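Subject: Structure for you to look at

Hi,

Here is the structure I promised to pass on. Please open it beside this email and follow along.

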Amino acid sequence: MKRILVTGGAGFIGSHLCERLVNEGHDVICLDNFYSGSKENVWHLIGKPNFELVRHDVINPYWAEVDEIYNLACPASPIYYQNDPIQTTKTSVFGAYHMLGLARRTKAKILQSSTSEVYGDPNVHPQPESYWGNVNSIGLRSCYDEGKRCAETLFFDYHRLHQVRIKVIRIFNTYGPRMAISDGRVVSNFVVQALRGEDITIYGDGQQTRSFQYISDLIEGMLRMMATGDNFTGPVNLGNPGEFTMLELAEKVIQKIGGKSKIVFRPLPSDDPKMRRPDITLAKRELGWEPKVTLDEGLDHIIEYFREKV
């Protein structure tokens, strides 16, 4: 049994990670300031002897004796991270700084949940970890994109200067139960609009592409990454290489849900990537990992989840 700290543990991804770690018998501290996370996501874990929920903002230091740290704290939805962009940057940068300091003091292994957004609007497709990206440093999305890029820099500098045992993953679009209805991400947007009988909103011409990973596949990849030896730091792409246009996704959702929803088009937001697909060669080789859940199967699960919420 390990003592494990999960920052952002009450968020969409963090709550699934906490659940998996608790079920495996580890002693889990879930840290969250509840800006975008929710107590409801971990309510079923409260009361378990190996789970502790703590309200804390990682822009401030935190002290605990731990064996491993999963640093997930940061709003990932554009609606949330653009609402307070300065706080978003502080969360990414100060959060990484404080958690790395904790890892250095406790000699804990620490995993950073970075993002495919570090690749920006890519000129290389699909995106391998060796690609340095094409990112606007002064745009509306920069608080998140550059915050995560800076966090990666801090992780590797702490590794080089202080021998902190780091793991860095780059998460591509992930969906599943416990996504917030109003978080503005494309899968939840389309499903909720269709369930409400509303028109489905596509920004741009619908030909931009994304790759969609189901939450259980991501959690498995995260655990496998944390379990690798100290000499392997990453970064590693974790995503589903299946690539779909926004139009294809909308049509799939309408087909599965039925109803009278139509597709309507709106102007594309600034800096929105035109294509996104991970090269997962490294994850296959080093982690023995690749996603198992197809988009059709995953959509069935999330549609069932949102039927009870809408």
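Below are some notes on the backbone.

Keep in mind that this is a predicted model.

First, some background. Most peptide bonds are trans, and most residues other than glycine have a negative phi. The places below go the other way.

Cis peptide bonds

Start with His-125 and Pro-126. The peptide bond from His-125 to Pro-126 is cis. Its omega is near -5 degrees. Where does Pro-126 lie? Look in the loop between β5 (109-115) and α5 (142-162).

Now go to Gly-234 and Pro-235. These two are joined by a cis peptide bond. Omega is about 5 degrees there. Pro-235 is in a loop as well. That loop runs between α7 (215-226) and β11 (236-238).

Positive phi

Next, find Lys-107. Phi of Lys-107 is near 60 degrees. That is a positive value, and the residue is not a glycine. Lys-107 sits in the loop between α4 (85-106) and β5. Is Lys-107 buried or exposed? The relative accessible area of Lys-107 is 65%. Exposed means over 50%, so Lys-107 is exposed.

Then move on to Gln-163. Its phi is near 60 degrees, again positive in a residue other than glycine. Gln-163 is found in the loop between α5 and β6 (166-171). Relative accessibility is 56% for Gln-163. That is over the 50% cut-off, so Gln-163 counts as exposed too.

Have a look at each place in turn.

Best wishes

Terms used. Residues are numbered from 1 along each chain as its sequence is written. This is a predicted model: local features need pLDDT of at least 70, side-chain atom pairs count only at pLDDT 80 or more; totals for chains, interfaces and linings use all residues. Side-chain values use heavy atoms; hydrogens and water are left out. Helices (H or I, at least four residues) and strands (E, at least two) are DSSP runs, numbered from the N terminus. Buried means under 20% relative accessible area, exposed over 50%, partly exposed in between (1.4 Å probe, protein chains only).
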